[in-house]
Amino acid sequence: MSLTLEQSPAERTAHSYSGSLYLLPSDEEERQRLLKQHELYTRLVSGRLILAPISLSGNEDILDIGTGAGAWLCEARSQFPESTQLYGVDIESRLFPSYATISANVHLSVCSATSLPSYWSSKFSLVHQRLLICGYTKEQWMKVVEEMYRVLIPGGYTQLIEIGPEWVSGPKTAAHVLFMDDFFGRKGMLLRCGVYIADMLKNAGFVDVKSEDVVMKLGKWAGQDGVQGTDSTIGAWRGMRDAIMKEGGMGYFATAEEFDKALDRVAAEWDSVEGSYTTVKVFYGRKP
């Protein structure tokens, strides 16, 4: 008689920035997920990298916060002249694009968005940030928005893109979202950050604050977009596994394998429940 042992999922490579609570890994698997996620999100907003109503001459400085693999930044580079200076910051350089693949007008650096360089005050015409839902506590969110305001020139815009606040499908999805609410809440983070961003922008001094909602379909029933929506979302949730298991599974999951199987069931539910979806929320505001 042979005995088959189930191998535990390998632990992912985490970021190395001291003091950060960022929940997702920093490895090649995450880089590939981020690149595919960029393709999906750009397609969902009809190919528009900039949704804020800003007119750019080509001589501006633009900042991308949480640049990660640099997908948004590199595509922006292809759409602007070399006179446009593009800056990307992240707490980890491991996912940055190779310097051999970027041009002289792209500048990458390691720092936290809660404390951008002091000499960047009133520097940028546009600040972009996408999907930092897994990166900030509530207090850090407010500090980041204040930093965005500080580094923008008068008349400059900030643009933020987030996901949620609901993931609509069946009971397995509802149960996992309740768990995520608990997990994020215990860390002082905001799973439903999209509920608060507009008010944060207004409280920081931004005016003309607007938002746009785009439906992200989830599951095979929705074709390519639904499959990619599932891959992007489940991939991100699965990337939190190590952070969750370091908390002992919080009474929800005894093992990493149990956590992975729960996500497999959520993904299967999206495939089978036609109409499963979440929302991509775009916010922008102007510094007067």
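A residue counts as buried under 20% relative accessible area, as exposed over 50%, and as partly exposed in between. Keep that scale in mind for what follows. The structure is a predicted model.

Start with Tyr-277. Its relative accessible area is 30%, so Tyr-277 is partly exposed. It sits in strand E7, which covers residues 277-286. Tyr-277 also belongs to a nonpolar patch on the surface, together with Val-168 and Val-215.

Seven strands form an open sheet in the order E3-E2-E1-E4-E5-E7-E6, and their pairing is mixed. The edges belong to strand E3 (106-110) and strand E6 (207-217). Each of these two has a single partner strand, so one side of each has no neighbour in the sheet. On average, neighbouring strands are turned by 15° against each other, direction ignored.

Walk through some of the pairs. Strand E1 (residues 61-65) runs parallel to strand E2 (residues 85-90), and five bridges link them. Here Ile-65 of the pair faces Val-89 in E2. E1 also pairs with E4 in the parallel sense, over four bridges. In that pairing, Leu-63 stands opposite Val-127 in E4. E4 and E5 are parallel too, joined by six bridges. Phe-124 has Leu-152 in E5 as its bridge partner.

How well covered is strand E4? Strand E4 spans residues 124-130, and seven of its seven residues are buried.

Is Ser-232 buried or exposed? Its relative accessibility is 5%, and the buried class lies under 20%, so Ser-232 is buried. Beyond its neighbours within four places in sequence, Ser-232 is in contact with Arg-33, Gln-37, Leu-40 and Tyr-41.

Follow one of those contacts. Gln-37 lies in helix H1, residues 28-44. At 8% relative accessibility, Gln-37 is buried as well. Leaving out residues up to four places away in sequence, Gln-37 touches Leu-131 and Ser-232. Gln-37 can also be set against Ala-236: the two are 199 residues apart in sequence, while their C-alpha atoms are 9.9 Å apart in space.

Most residues other than glycine have a negative phi, and most peptide bonds are trans.

Leu-131 is one of them. Its phi is positive, about 60°, although Leu-131 is not a glycine. Leu-131 lies in the loop between E4 and helix H3 (138-151). With a relative accessible area of 14%, Leu-131 is buried.

Asp-208 is another. The phi of Asp-208 is near 50°, again positive in a residue other than glycine. Asp-208 belongs to strand E6. Its relative accessible area is 41%, so Asp-208 is partly exposed.

The remaining case is a peptide bond. What form does the bond from Gly-164 to Pro-165 take? This bond is cis, with omega near 15°. Pro-165 is part of strand E5.

Methods. Residues are numbered from 1 along each chain as its sequence is written. This is a predicted model: local features need pLDDT of at least 70, side-chain atom pairs count only at pLDDT 80 or more; totals for chains, interfaces and linings use all residues. Side-chain values use heavy atoms; hydrogens and water are left out. Two strands pair if DSSP finds at least two bridges between them. Axes are lines fitted to C-alpha atoms, for helices over the stretch in contact, and angles run from 0 to 180 degrees between N-to-C directions. Patches are made of residues with over 30% relative accessible area and no salt bridge: like charges are joined within 9 Å, nonpolar side chains (Val, Leu, Ile, Met, Phe, Trp, Tyr) within 5 Å. Accessible areas come from the Shrake-Rupley method with a 1.4 Å probe; for residues, only the protein chains shown count as cover. A salt bridge is a side-chain nitrogen of Lys or Arg within 4 Å of a carboxyl oxygen of Asp or Glu. Buried means under 20% relative accessible area, exposed over 50%, partly exposed in between (1.4 Å probe, protein chains only). Contact means heavy atoms within 4.5 Å.
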